[in-house]
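Subject: Handover of a structure and its findings

Dear colleague,

Please find below the structure that I am handing over to you. The findings follow directly after it, and I would be grateful if you read the two side by side.

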Amino acid sequence: AGPSAEAVVAGREKLTRLISALETLPSKTQTIFRLHKFDGVSYGDIAAQLSISRSSVEKHMMDALRSLARKVQP
């Protein structure tokens, strides 16, 4: 059996909050988050693509995760 209707609705609501929260991030942070989490690009490859340091990529990811965690939790 699949997830209950309530679980599906809760999951969709959480995804909607995540997308809304993601749109509030600075554009470079959004880009880095999307590349890593949605496209599976490594920190090293993101750094090379954006001509920034790997530690800068890590900082943007930490900022994104911290901000999203605050905004997505009900």
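Which residues in α2 meet which residues in α3? From α2, the residues I32, L35 and H36 take part, and they meet Y43, I46, Q49 and L50 in α3; contact here means heavy atoms within 4.5 Å. By class, this contact holds five nonpolar, two polar and no charged residues. Ala, Val, Leu, Ile, Met, Phe, Trp, Tyr, Cys and Pro count as nonpolar, Asp, Glu, Lys and Arg as charged, and the others, Gly among them, as polar.

A word on conventions is in order. This is a predicted model, in which local features need pLDDT of at least 70 and side-chain atom pairs count only at pLDDT 80 or more, while totals for chains, interfaces and linings use all residues. Residues are numbered from 1 along each chain as its sequence is written, and side-chain values use heavy atoms, with hydrogens and water left out. Helices (H or I, at least four residues) and strands (E, at least two) are DSSP runs numbered from the N terminus.

Helix α2 and its partner

Helix α2 covers residues 27–38 and helix α3 covers residues 43–50; their axes come within 10 Å and cross at roughly 140 degrees. That angle makes α2 oblique to α3. Axes are lines fitted to C-alpha atoms, for helices over the stretch in contact, and angles run from 0 to 180 degrees between N-to-C directions. Angles under 35 degrees count as roughly parallel, over 145 as roughly antiparallel, 65 to 115 as roughly perpendicular and the rest as oblique. The crossing of α2 past α3 is right-handed, a term used if the near helix is turned clockwise from the far one by less than a right angle, with anticlockwise being left-handed.

The 12 residues of α2 reach 15 Å from the first C-alpha to the last, close to the 16 Å expected at 1.5 Å a residue; the expected span is 1.5 Å times one less than the number of residues. Within α2, the buried residues are T29, Q30, I32, F33 and L35. Buried means under 20% relative accessible area, exposed over 50%, and partly exposed in between (1.4 Å probe, protein chains only). These buried residues pack against α1 (5–22), α3 and α4 (54–72). After α2 comes G40, whose phi is positive, near 75 degrees.

Residues around α2

H60 lies in helix α4 and is buried, with a relative accessible area of 14%. Leaving aside neighbours within four places in sequence, H60 is in contact with K28, T29 and I32.

L25 sits in the loop between α1 and α2 and counts as buried at 8% relative accessibility. Not counting residues up to four places away in sequence, L25 touches Q30, A64, S67 and L68.

Helices α1 and α4

The axes of α1 and α4 come within 9 Å and cross at roughly 135 degrees, which makes α1 oblique to α4. This crossing is right-handed. In α1, the residues K14, R17, L18, A21 and L22 meet L68, K71 and V72 in α4. The residues of this contact divide into five nonpolar, no polar and three charged. G11 is also found in α1, and at 39% relative accessibility it counts as partly exposed.

With kind regards
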